[in-house]
Amino acid sequence: MKKRFLVEFGTGVDLHGGNVTKAAQKALRDAISHCCLTGLSEVAGVKDAVNTLTLEVKIATPFKERLDVQEALKSLPPYRNITAEVVDGGMTVRGMHAPGLGEGDTITIVNASITVCIND
C-alpha cells in the first residue's frame with residue numbers, strides 16, 4: 001500500500017515554438033526543486049528513497065499528442081518508480097517569432113504535479 005507524503009506543483013513555459021515537452025520538463029523541474037524531503041528519513045525512516053518511493057506525476061498540457069512523456073520525465077531525479085498521467089490543461093498565448101529560438105510565435109504553459117508516495 002502507498003501512503004502520500006507530499007504533493008508539489010510546478011509551472012513550465014516554452015516562450016518560442018510551443019514545445020510542450022520543453023515546457024513539461026521545466027514544470028517538473030520547478031515542482032521537484034521546491035522539495036527537500038528530510039522527513040522521509042528523519043520521520044518516516046526511509047533509507048533508500050530512489051528505490052522505495054513512488055513518484056506520481058500528472059502533466060496538464062495543451063496538445064497532449066505532442067508531449068514526449070519519457071523525455072519530460074528525464075528532468076526528474078532517477079527514481080525507479082515513476083508513474084505519469086497526461087491530462088488536458090495548460091495554456092497557449094500568442095508571443096513573438098524569434099528566429100533561431102523556435103518555430104512560430106506560440107508561448108506554451110504546462111502545469112505539473114508530483115505526488116511522493118511511501119511504499120509500505
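The legends below describe close-up views of a predicted model.

**View 1. The largest nonpolar core of the predicted model contains 23 residues.** Within this core, the residues with the most contacts are Leu28, Val57, Ile59, Leu76 and Ile114. Helix α1 provides the largest share, seven residues.

**View 2. Leu76 and its contacts.** Once residues up to four places away in sequence are set aside, Leu76 touches Leu28, Ile32, Leu55, Val57, Ile82 and Ile114. Leu76 is also listed among the residues with the most contacts inside the largest nonpolar core, and so are Leu28, Val57 and Ile114.

**View 3. Thr21 is a residue of helix α1.** Thr21 has a relative accessible area of 9% and is therefore classed as buried. Residues up to four places away in sequence excluded, the contacts of Thr21 are Arg66, Leu67, Asp68, Glu71 and Ala72. A separation of 18 Å lies between the C-alpha atoms of Thr21 and Gly95, which are 74 residues apart along the chain.

**View 4. Thr61 is a residue of strand β2.** Thr61 counts as buried because its relative accessibility is 1%. Apart from neighbours within four places in sequence, Thr61 contacts Val20, Leu67, Val86, Val87, Asp88, Gly89, Gly90 and Val110.

**View 5. Arg66 and the ring of Phe63.** The charged end of Arg66 is placed over the ring of Phe63, at 4.0 Å from the ring centre. Arg66 is also one of the residues touched by Thr21. Aromatic pairs in the structure number zero.

**View 6. Cysteines in the model, with a count of zero disulfides.** Cys36 takes part in no disulfide, and the nearest cysteine sulfur to its own, that of Cys35, is 9.0 Å away. Cys36 is classed as exposed because its relative accessibility is 64%. For Cys117, the closest cysteine sulfur is again in Cys35, at 12 Å, so the two are too far apart for a bond; a disulfide would need the sulfur atoms within 2.5 Å. Cys117 has a relative accessible area of 1% and is therefore buried, whereas Cys36 is exposed.

Terms used. Residues are numbered from 1 along each chain as its sequence is written. This is a predicted model: local features need pLDDT of at least 70, side-chain atom pairs count only at pLDDT 80 or more; totals for chains, interfaces and linings use all residues. Side-chain values use heavy atoms; hydrogens and water are left out. Rings of Phe, Tyr and Trp (its six-membered ring) pair if their centres lie within 6.5 Å; planes under 30 degrees apart count as stacked, over 60 as edge-to-face and the rest as tilted. A charge sits over a ring if NZ of Lys or CZ of Arg is within 6 Å of the ring centre and within 35 degrees of the ring normal. A nonpolar core is a set of buried Ala, Val, Leu, Ile, Met, Phe, Trp, Tyr and Cys residues joined through side-chain atoms within 4.5 Å. Buried means under 20% relative accessible area, exposed over 50%, partly exposed in between (1.4 Å probe, protein chains only). Helices (H or I, at least four residues) and strands (E, at least two) are DSSP runs, numbered from the N terminus. Contact means heavy atoms within 4.5 Å.
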